[in-house]
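Here are my notes on the two-chain model you asked about.

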Amino acid sequence: MYLCAKFQDCKIKKVSKMVFNKQFLKNSLTALIVAVPLISFANSTQDSVHGGEEAYHTAKLEKHGEQHETAHEASPAEKINDHISHHLQDAHEFVFFSDEATDEHFGFPLPVILFDNGLKVFSSAKFNHGESIAEADGNYYKLFHGKIYKTDAAGELPLDEHHHPKNAMPLDFSITKNVVSLLLTSLLIFLLFSSLAKGFKKKGPNALPTGFNRVLEPLVIYVRDEIARPNIGEAKYKKFMPYLLTVFFLIWTLNLLGLTPLGINVTGNIAVTVCLALFTFVITQFSANKEYWGHIFWMPGVPVPMKIVLAPIEILGMFTKPFSLLIRLFANITAGHTVVMGLIAIIFVAKEQLTVGGSIGTSLLLTLFISVIELLVAFLQAFIFTMLSSLFIGMAVQEHEHHHDHSHSHGHDHHTEDPEIPVI
Amino acid sequence: MEIPNLVGAGLIVIGAGVGLGKIGGSAMDAIARQPEAAGKIQTAMIIIGALLEGLAFGALILGKN
């Protein structure tokens with residue numbers, strides 16, 4: 001075992017030397033990655049500079065119905081706000097970047113699946129980026145702020161006082177941008193980890209993994225030894241490992257994908273995080289033992305009036321735990337995306353004050369700084385979600401009285417060894 | 001009198017900042033006293049930090065509407 005570990009060490013050193021020697025490649029790649037998000041902002045203020053073009057654009061938008069009734073002379077700040085809020089939302093199409101001057105969008109449409117008196121399936125190209133009305137089997141649909149509303153042939157969308165259309169909304173099961181990203185990520189994770197599993201099966205548990213598996217295996221072991229084992233307990237952690245690993249790698253991959261300039265924001269979508277937290281909630285409740293329910297409804301060891309006071313609080317606590325999980329992930333990722341895009345927007349907002357070169361330099365530096373922090377946050381959020389999930393599951397499954405003499409007598413050697421505490 | 005949401009957001013951030021500072025400071029103290037237990041202290045610190053952060057973000061989001 002020791003030899004094996006040593007061998008692995010040497011091998012990794014050798015490999016890392018081989019890969020990271022290409023300093024130039026690394027540097028230029030980093031520069032490219034940093035610069036690439038700028039594409040998504042390209043051309044976004046061109047129109048406000050050219051007054052005539054702007055007027056033309058406004059007229060064009062008004063022609064397309066009331067949807068853009070606020071399309072007055074939009075200042076750069078307003079446009080940036082629109083851009084950011086648009087990015088944070090889910091969409092029915094995949095647009096990588098668009099040219100406002102020529103009104104061109106570069107991306108691809110996605111299938112729209114509606115349930116409205118029968119299944120309606122059509123391509124989102126019919127919406128023409130929200131500018132035209134899609135027709136399917138005699139029904140008319142229109143996009144309004146990323147949501148599909150039922151309308152008539154003229155495309156009437158009367159708004160109420162909160163600026164929401166009064167039209168009916170069909171049930172929307174479309175393959176949206178987030179769904180595509182989620183499916184792709186799942187496929188990626190499935191392929192990576194099935195190859196890891198295959199490698200294990202072929203070579204046995206003690207062999208050195210090859211290729212990318214060498215990156216994945218320590219991560220799996222990290223989740224097992226640092227997250228699942230200490231929180232759930234030696235006796236029962238195995239049952240929950242599949243869920244914890246899935247959640248960890250799914251969230252991490254999606255977070256990292258959100259940092260790329262593809263414009264994907266899956267973990268910053270509250271529906272996704274609600275679903276993930278719901279899984280944790282259901283798993284916790286269904287694997288809970290008698291003691292857990294006892295602690296919720298009839299807390300042992302406190303006087304009866306206190307028990308009556310504590311029960312509602314504990315029941316509330318059952319729901320606030322997953323709620324905080326979902327809010328944390330959602331808000332962290334949303335905040336991260338907003339900050340990154342806002343810092344890129346410095347180029348357009350501070351153009352006059354800092355000159356073009358200065359604003360680009362400032363924005364680049366700040367964006368790089370925040371992007372590096374976001375890399376950490378991407379991992380940290382995946383870690384925290386998994387950690388707290390396993391903590392909640394651990395609370396529900398642990399047997400408090402018999403736990404100690406059980407795990408400490410024949411547990412793993414490195415866990416029972418308490419570090420020597422110096423007397424101060 | 002109507003208090004703007006931004007004031008609430010600022011108060012939340014101040015509160016969260018004080019809390020995070022206390023967590024971080026205490027963790028540093030603890031690690032300085034017992035460097036062997038650094039790993040465990042860090043994990044606990046991150047968990048408590050995350051709980052605090054969840055609260056702060058929840059308040060920010062609820063306050064935004």
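1. Chain B first: 8% of its 65 residues count as buried. Buried here takes 20 or more other C-beta atoms within 10 Å of a residue's own, exposed takes 12 or fewer, partly exposed is in between, and the C-beta atoms are placed from the backbone. Keep in mind that this is a predicted model, where local features need pLDDT of at least 70, side-chain atom pairs count only at pLDDT 80 or more, and totals for chains, interfaces and linings use all residues. As for labels, residues are numbered from 1 along each chain as its sequence is written, while chains are lettered from A and ligands numbered from 1 in the order in which they are written.

2. What is chain B built from? It has 2 helices and 0 strands; helices (H or I, at least four residues) and strands (E, at least two) are DSSP runs, numbered from the N terminus. The C-alpha trace of chain B spans about 55 × 15 × 10 Å along its principal axes. Its radius of gyration is 15 Å, well over the 11 Å from the globule rule for 65 residues, so chain B is more spread out than a compact globule. For the record, that radius is taken over C-alpha atoms, and the rule is 2.2 Å times the number of residues to the power 0.38.

3. On annotation, an unreviewed UniProt entry lists "domain: V-ATPase proteolipid subunit C-like" for residues 8-62 of chain B. That span is 93% helix and 0% strand, and its end C-alpha atoms lie 11 Å apart. UniProt, again in an unreviewed entry, also places the feature "transmembrane region" at residues 6-23 and 44-63 of chain B. Residues 6-23 of chain B are 100% helix and 0% strand, with 26 Å between the end C-alpha atoms. UniProt positions follow the numbering used here, feature names are shortened, and annotations may be inferred rather than shown by experiment.

4. Now the place where the chains meet. Chain A puts 11 residues in contact with 14 residues of chain B, contact being C-beta atoms, placed from the backbone, that lie within 7 Å. On the chain A side, helix H11 (304-344) and helix H13 (351-397) each supply at least two residues. Which element gives the most? H11(A) does, with 5 residues. By class, the chain A side divides into 8 nonpolar, 2 polar and 1 charged. Nonpolar covers Ala, Val, Leu, Ile, Met, Phe, Trp, Tyr, Cys and Pro, charged covers Asp, Glu, Lys and Arg, and the others, Gly among them, count as polar.

5. Chain A itself comes to 15 helices and 8 strands. Of its 424 residues, 23% count as buried. Among contacts in chain A with a separation of 6 or more, 61% are between residues 24 or more positions apart.

6. Chain A is divided into domain 1 (41-174) and domain 2 (179-402), with bounds from an automatic or database domain assignment. The contact takes 13 residues from domain 1 of chain A and 15 residues from domain 2 of chain A. On the domain 1 side, helix H5 (76-88) and S1 of chain A each supply at least two residues, and H5(A) gives the most, with 6 residues. That side has 9 nonpolar, 3 polar and 1 charged residues.

7. Next, the strands of chain A. S1 (residues 93-99) and S2 (residues 104-109) of chain A pair in the antiparallel sense over 6 bridges; a pair needs at least two DSSP bridges. Within it, A:Val95 has A:Gly107 as its bridge partner. The hairpin has 4 residues between the strands, and A:Asp103 takes a positive phi near 60 degrees there.

8. There is also an open sheet of 3 strands in chain A, ordered S4-S3-S8 with antiparallel pairing. Why does one side of S4 and S8 of chain A lack a neighbour in the sheet? Both strands stand at the edges, each with a single partner strand, so one side is left without a neighbour. S3 (residues 111-115) and S4 of chain A share 5 bridges, and A:Leu114 has A:Lys120 as its bridge partner.

9. One residue to look at is A:Thr355, found in helix H13 of chain A. Its phi is positive, about 65 degrees, although A:Thr355 is not a glycine. Most residues other than glycine have a negative phi. A:Thr355 is exposed, with 11 other C-beta atoms within 10 Å.

Conventions:
Contact = placed C-beta atoms within 7 Å.
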